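Please read these points with the model open beside you. They take up the pockets, the sheet and the aromatic rings in turn.

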Amino acid sequence: MRHGSIPGASGRVRPLTLLGDPVLHTACEEVTDFGPALGRLIEDMFATMYAAQGVGLAANQIGVSKRVFVYDCPDDEDVRHLGHVVNPRLVEADGVTVRGPEGCLSLPGLEAGTPRFDHAVVEGVDLRGEPVKVHGSGWFARCLQHECDHLEGGVYTDRVTGWRRRRVLRAAAKASWNV
């Protein structure tokens with residue numbers, strides 16, 4: 001029997017912010033108000049992430065310049081990790097660097113081989129202001145690093161170099177969503 005509600009069940013799906021929008025390229029502001037509006041934002045972020053079939057979503061991807069991200073992502077052992085982090089800080093990113101396919105809901109339909117560490121630790125707080133520490137390995141570590149990059153004003157294409165970068169940026173320029 002399930003206890004508690006399903007994340008995003010009471011949220012509304014918001015439009016995604018796409019590559020090129022200034023909010024994606026500017027560091028987000030710290031959350032200082034832990035009232036009901038933050039809970040609604042997190043619910044909306046889960047609803048939007050699920051509707052777009054993503055595994056993570058940062059607040060600036062729906063146009064809100066606040067330091068919040070949500071995730072529902074497996075690791076390499078197919079263990080599901082579900083949650084949110086407010087005011088996250090990437091405190092560890094180490095181990096082997098793995099170049100793997102990475103996509104983003106703000107660049108729909110595109111991906112590129114992106115180097116990421118296979119271990120990451122994020123510290124922050126939950127929607128009530130209680131401390132949280134999230135450890136990730138493999139695919140989940142990639143997700144944590146990706147979402148933290150968003151909150152600093154970065155997208156995965158900033159980490160891609162050479163022909164991979166040229167190819168994905170050319171594809172983004174030609175994409176139907178890029179107007």
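1. Twenty residues line the largest pocket, and those nearest its centre are Val55, Gly103, Cys104, Leu105 and Trp139. A pocket here is an open set of points on a 1 Å grid over the protein atoms alone, with protein on both sides within 12 Å along at least five of seven lines, and lining residues have an atom within 4 Å of a point. The volume of the largest pocket is about 340 Å³, where a volume is the space filled by probe spheres set on the points.

2. This is a predicted model, in which local features need pLDDT of at least 70 and side-chain atom pairs count only at pLDDT 80 or more, while totals for chains, interfaces and linings use all residues. Residues are numbered from 1 along each chain as its sequence is written, and side-chain values use heavy atoms, with hydrogens and water left out.

3. Helices (H or I, at least four residues) and strands (E, at least two) are DSSP runs, numbered from the N terminus. By class, this lining has nine nonpolar, seven polar and four charged residues. Ala, Val, Leu, Ile, Met, Phe, Trp, Tyr, Cys and Pro count as nonpolar, Asp, Glu, Lys and Arg as charged, and the others, Gly among them, as polar.

4. The second largest pocket has a volume of about 160 Å³. Its lining consists of Val31, Thr32, Asp33, Ala37, Leu38, Leu41 and Lys66, that is, four nonpolar residues, one polar and two charged.

5. Five strands form an open sheet in the order 1-2-3-4-5, with antiparallel pairing; two strands pair if DSSP finds at least two bridges between them. Strand 1 (56-58) and strand 5 (131-137) are at the edges with a single partner strand each, so one side of each has no neighbour in the sheet. On average, neighbouring strands are turned by 30° against each other, direction ignored. The axes behind this angle are lines fitted to C-alpha atoms.

6. How many bridges join strand 3 and strand 4? Strand 3 and strand 4 (residues 111-125) pair in the antiparallel sense over 13 bridges. Thr97 stands opposite Phe117 in strand 4, and Arg99 has Pro115 of strand 4 as its bridge partner. Gly100, in strand 3, is 15 residues from Pro115 in sequence and 6.5 Å from Pro115 in space, C-alpha to C-alpha. Gly100 counts as buried, at 9% relative accessibility (buried means under 20% relative accessible area, with a 1.4 Å probe and protein chains only).

7. Strand 4 and strand 5 run antiparallel and are joined by seven bridges. Val122 has Val134 in strand 5 as its bridge partner. The hairpin of these strands has five residues between them, and Gly129 takes a positive phi near 90° there.

8. Three aromatic pairs are found in the whole structure. Tyr71 and Phe140 form a tilted pair, 5.2 Å centre to centre with 50° between the planes. Tyr71 lies in strand 2 (residues 68-74) and Phe140 in helix 2 (residues 138-151), so the pair ties together parts 69 residues apart in sequence. Rings of Phe, Tyr and Trp (its six-membered ring) pair if their centres lie within 6.5 Å; planes under 30 degrees apart count as stacked, over 60 as edge-to-face and the rest as tilted.

Note on methods: 1 Å grid on protein atoms, 1.4 Å probe; cavity = no way out; pocket = protein on both sides within 12 Å on 5 of 7 lines; lining within 4 Å. Axes fitted to C-alpha atoms, helices over the stretch in contact; angles between N-to-C directions. Buried < 20%, exposed > 50% of the residue type's maximum accessible area, 1.4 Å probe, protein only.
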